[in-house]
Amino acid sequence: MRVLGIETSCDETAASVVSADGVLSDVVYTQTVHAAYLGVVPELASRAHAEKLASVVQDALDKAGIEKPDAVAATSGPGLIGAVLVGLSMAKGLALGWGVPFIGVNHLEGHLLSPMLEDPAPEFPFLGLVVSGGHTTLYLAKSLGDYEEIASTVDDAAGEAYDKTARVLGLGYPGGPLIDRLAQRGDPLAIPLPRPKVKGSQDWSFSGLKTAVRQRHQKFPGDKPEDIAASFQRAVVEVLLQRVRVAAKETGVTRLALAGGVAANSELRAAAQAMKGIQVFLLSLIHI
Amino acid sequence: MKTYLDDAPATRALGQQIAERSYPGLVLALQGELGAGKTTLAQGVGLGLGVKGRVRSPTFIIMALYEGRLPMAHADLYRLGDESELTELGLEEHLSHGVTLIEWSERFPQLLPKDHLELLLEDDGDGRRATLTAMGPKSLALVTELQALR
């Protein structure tokens, strides 16, 4: 069974052929049209997907050495709706033309299960931390299709907090890798930043952290940007993993899988691996 | 009208009071820098409209729609490119029948109806200051009611 998978929910046009033996091909085209806007612009995203998708799909089939898969899957949401529709329509059209089944896949479920592409793969049940520009959610994955949301952000996604902090520091977009790189040279204890908590709840809030960075930056413009980056990153990683610790204690589940764009963050990966009593499953960077 | 807000709950309460007096076609132009409290205020408006579920930052998705006593739209136009993308967004269709909160509306001033409510949030000591400016008779009536509460 070889499945062609298509993903266009944000700013990457991606196609891949997967079989029981693993990933046969993996083609990703990252849109660069957004950099000038400091974010993903939906209309630009869908236009760029429409332009690139056919060649990306052809490339994925060629690299896998097949002409026709046994099924076609595509991200069916949530995401930027215009962008999602480009991939979904292409996948449905191909499935119809080839006379093979079409499978719609929830974007977050795709993230959550992506660590299962790795060897070793996490066994059910596991805790899945999905962190990206649009989402920050901790799931308890009990079995295929059975997931419980344990915690989520009440305001900004962690990746959005990275983007906005990068905006405050005048670094550019996307903020994640830029801040991560800058933070390597900074002192994570140099700048006191809050570890925001949501009253009466175990959810996350990242809006206040972004505000604190902006206010600090205005009050002390002489702070070194690398120290702000490092201190901000330390705060994000700490609150994310603190919630994981509580969830592991509450559920007794000690396997943790990291997924989503922020799972590429070097400090999050290192700090997760350093957690005592938790077995961490990381995605290799090419699969994020 | 100017009012001082001690903290996030006070900011949310102002949003709630606005929502309780809102009418179809109310447009709030939210102003203030990054982290000034715009999403917090929007959460209060959502609460006051009886929106179920969370009101989160719309920055990533540009516009979020919620079901409440009146439909609520919350948009952040910071990352929008040009007018054609604004049309694509479908925000204009929402303006007349729901409650609409717009961040960075100054990028598209022609979008706002004449009678809208401008709401500026700024840091002030440990809290923040909200400045409400009514731009027409309906929004003025709302601000007058709010003023009576303070």
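In chain B, L120(B) has T131(B) of β7(B) as its bridge partner. The model is a predicted one, in which local features require pLDDT of at least 70 and side-chain atom pairs count only at pLDDT 80 or more, whereas totals for chains, interfaces and linings use all residues. Residues are numbered from 1 along each chain as its sequence is written, chains are lettered from A and ligands numbered from 1 in the order in which they are written, and side-chain values use heavy atoms, with hydrogens and water left out.

Helices (H or I, at least four residues) and strands (E, at least two) are DSSP runs numbered from the N terminus, and two strands are taken to pair if DSSP finds at least two bridges between them. Strand β6 (residues 117–124) of chain B pairs with β7(B) in the antiparallel sense, over 8 bridges. Within this pairing, the bridge partner of L119(B) in β7(B) is L132(B). The hairpin of β6(B) and β7(B) has 2 residues between the strands, and G125(B) takes a positive phi near 60° there.

Strand β2 (residues 27–31) of chain B runs parallel to β6(B) and is joined to β6(B) by 4 bridges; Q31(B) stands opposite L120(B) in β6(B). Strand β1 (residues 2–5) of chain B pairs with β7 (residues 127–134) of chain B in the antiparallel sense, over 4 bridges, and Y4(B) has R129(B) of β7(B) as its bridge partner. In a regular strand the side chains alternate between the two faces of the sheet.

The interface between the chains was examined next. Contact (heavy atoms within 4.5 Å) involves 28 residues of chain A and 20 residues of chain B. The two chains bury about 2,200 Å² between them, 50% of it on carbon and sulfur atoms; buried area is the accessible area (1.4 Å probe) that two parts lose on being put together, summed over both. Between chain A and chain B there are 3 salt bridges, defined by a side-chain nitrogen of Lys or Arg within 4 Å of a carboxyl oxygen of Asp or Glu. A salt bridge links D123(B) with R214(A), the closest N and O atoms being 2.8 Å apart. On the side of chain A that touches chain B, the elements giving two or more residues are α1 (42–64), β8 (146–152), α4 (158–169) and α6 (207–219) of chain A. The largest share of that side, 5 residues, comes from α6(A).

T137(A) lies in strand β7 (residues 136–143) of chain A and is buried, with a relative accessible area of 6%. Buried denotes under 20% relative accessible area, exposed over 50%, and partly exposed the range in between (1.4 Å probe, protein chains only). Residues up to four places away in sequence being left aside, T137(A) touches G128(A), L129(A), V130(A), E149(A), A151(A), S152(A) and W204(A). V18(A), located in strand β2 (residues 12–19) of chain A, is partly exposed, with a relative accessible area of 30%. The C-alpha atoms of V18(A) and L4(A) are separated by 6.6 Å, these residues being 14 residues apart along the chain. With residues up to four places away in sequence not counted, V18(A) touches M1(A), R2(A), V3(A), V23(A) and L24(A).
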